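Subject: Structure for your review

Dear colleague,

My notes on what was found in it follow directly after.

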Amino acid sequence: MGKLQGLLFALATVVLVALATYYFTHPWLPPLKSDRGAIDHAIWLSLVVTGAVFILTNLLLAYFSWRYQDDGQTRAAYWHHNPSLEWAWTLVTAAIMCTFLFKALSLWAGITSDPPADAMLVEVTGQQFAWNVRYPGPDGMLGRTDHLLASQENPIGLDKSDPHSADDVLLLNQMVLPQDRPVRVQIRSMDVIHSFFLPNFRVKQDAVPGMTVQIWFTPTDTGDFEIACAEHCGLGHYRMRGQIHIVPPGAFDKALTDAAAQ
Amino acid sequence: MSTEVLRKPRGPGLDRGGPGGDGPGGEGGHGRGEPELFYDPARFGLWLFLGTLTMMFIGFTSAYMVRRLSPDWAPLKPPGLLWANTAVLLLSSGALEAARRRLRGWNVAGVGPWLLTTGVLGVLFLAGQLMAWKVLVARGYFVGSSPHNSFFYLLSGVHGVHLVGGLIWFAVVLVKARRLAYTPGEDGLGMFAIYWHFLAGLWVYLMFLLFVF
Amino acid sequence: MAHAPEAHAGAAHGHAEEAFIWKYVFSKNHRIIGIQYYVTAMVMALVAGLLAMLIRLQLAWPQKDWAFLAKIFPMGYDAGGGFGVMRPEFYAMLFTMHGTIMVFFVLSTAPVSGFGNLLIPLQTGARDMAFPFLNGLSFWTFLVGCVVILTSFFVGAGAAAGGWTAYPPLSALKGAVPGSETGQTLWIVGMVFFIASFTMGGLNFVTTIINLRTKGLTPLRMPMTLWAMFLVAVLGLLAFPALIAACIMLIFDRHFGTSFFLPTGLVLNNVPILGPDGKFLHQGGSPLLWQHLFWFLGHPEVYILMLPALGFTSDILATFARKPLFGYKSMVGAMWAIGGLSFIVWGHHMFVSGMNPYLAMAFAVGTILIAVPSAVKTFNWLATMRDARMRYKTPLLWALGVVSLFISGGLSGVWLAQSAPDIQLHDTMFVAAHFHLIMAGAALFGVFGATTYWFPKMFGRMMNDTLGKAHFWFTFVAYYCVFFPMHYIGIAGHMRRIYDPYQYEFLKPLQPINEFITIAALVLGASQILFFVNFFWSAFAGKKAEANPWEANGLEWTTASPPPHGNWPGEIPAVHRWPYEYANPAFPKDYVMQTEPLTESELKLIAAEGPTGHEH
């Protein structure tokens with residue numbers, strides 16, 4: 001009876017390793033459509049390294065749990081420390097972690113760096129339960145907003161008296177971007193915290209009322225993709241869905257006009 | 001077996017024969033020549049509790065500091081009454097020390113009046129705080145009127161709640177003192193004094209944070 | 001001051017037999033209080049587990065008509081017109097209260113308040129905790145907190161629904177979600193009671209472990225369980241105050257018109273929230289402030305859940321491996337490192353919150369490094385197993401389960417610790433996989449292991465080993481089936497707290513996986529019946545236990561099962577060695593209890609060569 005349990009645990013662990021390895025090597029990530037491929041690479045590296053550790057430690061766990069069972073006759077070994085071994089595995093782990101740390105910090109610095117000077121500007125304002133997308137229009141400047149002016153017809157409180165507001169293009173739950181052009185997105189919120197999530201672009205940024213947070217990225221492929229809200233924002237959180245269309249650069253102006261007309 | 005630790009005030013390091021006094025953890029095991037950390041558990045526990053309270057006020061302080069740096073900060077001018085209240089609380093601590101000293105110095109008769117003074121001044125402080133709130137409200141400074149207001153009401157309110165707890169403890173202390181339950185020559189008032197002085201010191205800190213800094 | 005400890009113990013107290021109410025209800029005895037906490041936590045676990053089952057049903061089949069559920073929970077299912085489809089606001093309440101109850105009222109309680117109270121006096125060699133009255137008070141305060149939290153389900157608009165993290169403005173604005181009405185207020189009140197109770201417990205734990213250790217019990221002779229309880233109490237005393245401060249400020253924002261967390265310009269349902277003067281009611285507050293304060297508690301909190309399980313695992317593993325714990329000193333050091341680092345990593349919950357990117361970098365440093373002491377612990381457990389002689393009783397299976405979950409859950413943490421990959425993975429089911437495996441799983445398996453192991457000290461009886469093993473296998477397999485696939489759907493972008501994921505095209509293909517998870521979850525839930533049956537049946541009719549049924553070394557095994565009044569009949573034993581003296585060839589038995597005095601040869605050896613490291 002005792003032998004069975006050890007064997008079972010070992011088997012269960014081996015099965016876990018096999019299934020985990022099999023399924024983790026499926027391509028789960030949504031297809032990448034932006035210049036943030038370095039994130040995918042970091043995820044892949046994490047998978048490889050942690051996967052190797054996962055396999056190794058679990059195989060040891062499995063083997064040990066099966067092999068070192070009580071036989072009712074002999075005693076366990078009495079040793080209980082090994083300073084050189086302990087230093088070794090501590091330092092190796094630390095070295096691996098430091099590598100991850102270094103790579104993580106430089107990747108983060110790149111992603112949170114300032115956008116290129118020619119990046120186009122878009123503003124996204126989340127509210128319960130929709131995404132208000134605003135383009136500055138030909139004058140290149142977003143009109144002033146004043147939340148005191150917010151209403152059913154003017155959800156983001158656009159100040160129509162500001163000359164820069166006249167050419168602003170407003171879309172609801174839609175975003176249109178030209179391929180291969182960097183875009184800086186200013187993310188805001190009217191009410192509670194939302195999170196602007198573009199699964200295919202490796203973009204996610206909380207929309208916090210009282211703050212404007214800017215992120216930037218470059219879409220690299222054309223197509224239609226989804227916008228999701230990734231921060232619980234109330235009972236409509238699940239349907240705060242939008243669509244983002246990446247069009248060839250030449251087709252952008254018309255695509256935007258068409259979208260605004262809807 | 002249970003409440004001796006709270007009922008019998010003990011000074012620190014008084015008796016290495018049993019750290020909890022006659023408390024349940026005390027007898028039998030510990031203290032027979034064992035050179036580890038040894039404090040009266042009740043006093044040790046009180047210091048831990050003060051540490052926890054301090055952490056909470058550090059949380060409030062960090063919130064205050066961050067808010068303070070915002071451009072829309074509009075400082076509130078404190079009513080003079082608050083300074084008077086501060087003095088009252090400090091005097092209350094002073095009176096408590098006088099009572100404590102007399103108890104340790106075998107002057108049992110002298111304990112009562114000073115202890116009473118402590119309590120009266122404590123109640124006076126609380127009344128003064130409530131009055132200060134009334135003064136501010138009369139001037140139109142409500143709790144939500146500005147961030148400085150909010151923090152003032154918040155911090156003085158939380159402090160006040162803990163002071164009320166202290167006054168309840170004081171009532172117990174007073175009753176015991178009248179029953180002559182405190183041993184002359186010992187520091188029976190020590191535990192209460194630690195808490196009471198903490199509250200006074202905390203109030204001075206809060207005044208500094210809110211109105212001087 | 002002289003006293004006669006021998007005369008004090010046992011019946012010579014002069015106590016009359018205590019009335020039932022003072023002995024078992026308003027008890028000041030640590031064992032009874034521990035059991036009270038434990039059983040209350042079990043009840044709360046049933047509630048939170050039920051909530052989880054409802055969540056899973058919804059995620060697998062969102063638009064399904066659950067007529068029979070609508071009868072039981074009419075407020076949650078659109079029962080008008082026979083519809084049994086869950087309401088989104090009910091779903092929000094489900095995940096909020098599942099998280100709140102599980103994290104605080106179950107998994108901070110059962111391992112810490114339950115087993116801590118049971119074991120600390122026994123493992124330190126004390127008659128009871130340092131402050132028995134405060135201990136009893138802490139339990140009743142906790143119970144009030146439970147009642148308040150459970151009551152919140154029945155108020156008008158339902159219980160809190162802003163997530164267990166209660167981020168404002170969602171939790172601060174009453175109109176933002178129905179649960180932010182009275183439900184959120186009761187949530188805050190319940191939490192205040194919980195934190196007060198936990199603080200009282202923490203004072204007791206630290207004071208007892210520092211002050212009341214028996215003669216000879218130096219720190220490096222303390223079992224890992226005791227170290228864990230000590231660190232957990234310190235963490236709690238230092239970290240919970242931040243949440244209490246935040247809760248008080250949230251009450252002010254909700255009820256007194258302040259703006260600690262509420263910024264200028266809030267517009268709800270296209271209507272600006274104005275004060276009587278026509279300007280914005282709230283001005284200048286910061287939602288991020290709440291997040292910082294919450295997670296300053298929140299991160300140490302997850303270690304509060306986990307460290308006791310790690311302590312249990314070390315103790316159980318050594319006992320059933322019949323082998324000393326490998327690397328005891330580095331195990332202690334690793335626990336300190338984890339505890340200490342836990343205070344400087346909280347911002348990793350906030351990488352995409354809008355906080356300063358440089359701050360994010362700082363938090364990433366500590367977060368990535370915390371993997372090192374965690375790895376050390378794992379390797380030490382594996383090394384303990386090598387050349388062991390493992391006896392496969394139920395407690396060992398749970399301890400091995402903890403090791404397995406610690407590996408699985410810990411490694412996914414490495415992914416999340418890197419701030420840029422976290423952009424993709426934050427607020428997805430990948431995070432849910434991570435914390436359910438490492439935090440919830442390790443804590444839960446730790447509690448089950450501790451229960452089966454220390455049951456003799458709770459009730460003087462043994463739990464049924466066969467039933468225990470069956471319970472383990474169902475739970476272990478089902479647990480992995482529920483939470484491991486969440487990694488995959490998380491990488492695929494499946495967000496958290498989503499009432500109906502299949503509104504999104506990119507999530508539609510994942511429904512079969514959600515269905516699989518749900519079925520596994522139902523199996524997991526049903527399997528717990530095995531535990532409840534075993535627990536309650538054994539408590540009353542289990543095989544009577546001897547003092548040391550597992551042939552273990554800790555102080556708790558030197559006294560009867562259950563321990564008598566005063567824990568030891570007579571003098572409290574002194575300690576002479578560490579608790580992991582197994583397999584020493586120089587001794588006739590393969591275990592040497594802590595109370596065994598050093599032998600002649602041991603003393604000679606120490607005189608000649610200094611401490612050998614075996615008695616520490």
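A cavity, as the word is used here, is a set of grid points over the protein atoms alone where a 1.4 Å probe fits but cannot get out. Please bear in mind throughout that this is a predicted model.

Cavities. By this rule there are seven cavities of 30 Å³ or more. The largest cavity holds about 80 Å³ of space. Its lining consists of 14 residues, and those nearest the centre are C:D315, C:T319, C:Y453, C:G554 and C:P579. Helix α10 of chain C, residues 287-321, gives the most to this lining, with three residues. Sorted by class, the lining of the largest cavity has eight nonpolar, four polar and two charged residues.

Chain B. The secondary structure of chain B comes to six helices and zero strands. Of the 213 residues in chain B, 55% are buried. On the surface, a nonpolar patch is formed by B:W83, B:Y205, B:F208, B:V212 and B:F213, which together have about 500 Å² of accessible area. Helix α6 of chain B (residues 190-212) gives the most to the patch, namely three residues. B:W83, by contrast, is found in helix α3 (residues 80-104) of chain B. B:W83 counts as partly exposed because its relative accessible area is 42%, a value that falls between the limits of 20% and 50%.

Backbone geometry. Most residues other than glycine have a negative phi, and most peptide bonds are trans.

The bond from A:Q128 to A:F129 is cis, with omega near 0°, and A:F129 lies in the loop between β1 (120-127) and β2 (130-135) of chain A. In chain C, a cis peptide bond joins C:S561 and C:P562, with omega about -5°. C:P562 is placed in the loop between α19 (511-541) and α20 (600-609).

The other two concern positive phi values. A:R202, which is not a glycine, has a phi near 55°. A:R202 sits in the loop between β6 (194-198) and β7 (203-207) of chain A and counts as buried because its relative accessibility is 1%. C:N567, likewise not a glycine, has a positive phi of about 70°. C:N567 is located in the loop between α19 and α20 of chain C, and with a relative accessible area of 3% it is buried.

With kind regards

Terms used:
Residues numbered from 1 in each chain as written. Chains lettered and ligands numbered in written order. Predicted model: local features only at pLDDT ≥ 70, side-chain atom pairs only at ≥ 80, totals over all residues. Heavy atoms only, no water. Patch = residues over 30% accessible without salt bridge, like charges linked within 9 Å, V, L, I, M, F, W, Y side chains within 5 Å. Areas by Shrake-Rupley, 256 points an atom, 1.4 Å probe, with all protein chains shown as cover. Salt bridge = Lys/Arg side-chain N within 4 Å of Asp/Glu carboxyl O. Helix = DSSP H or I, 4+ residues; strand = E, 2+ residues; numbered from the N terminus. Buried < 20%, exposed > 50% of the residue type's maximum accessible area, 1.4 Å probe, protein only. 1 Å grid on protein atoms, 1.4 Å probe; cavity = no way out; pocket = protein on both sides within 12 Å on 5 of 7 lines; lining within 4 Å. Points joined across faces, edges and corners; volume = space filled by probe spheres on them. Nonpolar A, V, L, I, M, F, W, Y, C, P; charged D, E, K, R; others polar.
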